[in-house]
Amino acid sequence: MAGHGFAAVSDATEADWRVAEFRKPEPYSWQSAVRCYFDVVDRDRVLEYVLVDGRTGPQVTCEGIRLIGRVPSELAQEMQAHAAAYETGIRFSYGGDVFCDGFEMEPGTQRAGDSVVTWAFFFNAGEDHSNARDGAPAAIWQHR
């Protein structure tokens, strides 16, 4: 993260999670670019979830698809095209955003002025995708 201009600004506990935050110094010094969630019950502090902000986060790709700061409909079209090309299923996030089965991530949307852009949340799904989704920190679903 440091190599791309991001600095660790917080290492705190929220509910049952240890949260590490990264930000760029300007222009949104108050807005986290990336939030990493570690399970506080697990002594090994295994990374469970990563949330990348749509306005301030770094660009992240999955299978060549840019995920961050996108117009939601364009990202949905690319996800659907990828699913058709590789014969995978598609899923829908809680907010109705489309993503490919097996990606171990979910997109979301947030306002950016008068526009809406995509953010992404990553996790280790294991055998059941819904377990990862249901176990996610509440702050992820409240991200704006």
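**Entry 1: the end of helix 1**

I began just after helix 1, where E87 takes a positive phi of about 50 degrees. A note to myself before going on: this is a predicted model.

Then I went back along the helix itself. Helix 1 covers residues 72-86, 15 residues in all. From its first C-alpha to its last it reaches 21 Å, close to the 21 Å expected at 1.5 Å a residue.

Which residues of helix 1 are buried? I found L75, A76, M79, H82 and A83. They sit on the same side of helix 1, because the arc they cover around the axis is only 125 degrees. The spacing rule is handy here: an α-helix has 3.6 residues a turn, so residues three or four places apart point the same way.

I turned the model to look at the other side of helix 1, and there Q77, A84 and A85 are exposed.

Next I asked what covers the buried residues of helix 1. The cover includes strand 6 (65-66), strand 7 (90-92) and strand 8 (98-100). It also includes strand 9 (105-112) and strand 10 (115-123).

I traced an open sheet of 6 strands in the order 1-2-3-4-10-9, with antiparallel pairing. Its edge strands are strand 1 (7-14) and strand 9, each of which pairs on one side only. Neighbouring strands of this sheet are turned by 20 degrees against each other on average, direction ignored.

I then walked across some of the pairs:

- Strand 2 (residues 17-23) and strand 3 (residues 34-39) run antiparallel and are joined by 6 bridges; A20 stands opposite C36 in strand 3.
- Strand 3 and strand 4 (residues 47-52) are antiparallel too, with 5 bridges, and C36 stands opposite V50 in strand 4.
- Strand 9 is joined to strand 10 by 8 bridges, again antiparallel; here R111 stands opposite V116.

**Entry 2: D53**

Is D53 buried or exposed? D53 lies in the loop between strand 4 and strand 5 (61-62). With a relative accessibility of 1%, D53 counts as buried, since the cut-off for buried is under 20%.

I listed what D53 touches, leaving out residues up to four places away in sequence: Q31, S32, A33, I68, Q110, W119 and H143. I also checked A120, which is 67 residues from D53 in sequence and 7.0 Å away in space, C-alpha to C-alpha.

Note on methods: Residues numbered from 1 in each chain as written. Predicted model: local features only at pLDDT ≥ 70, side-chain atom pairs only at ≥ 80, totals over all residues. Heavy atoms only, no water. Helix = DSSP H or I, 4+ residues; strand = E, 2+ residues; numbered from the N terminus. Expected span 1.5 Å × (residues − 1). Buried < 20%, exposed > 50% of the residue type's maximum accessible area, 1.4 Å probe, protein only. Arc of directions from axis to C-beta. Contact = heavy atoms within 4.5 Å. Pairing = 2+ DSSP bridges. Axes fitted to C-alpha atoms, helices over the stretch in contact; angles between N-to-C directions.
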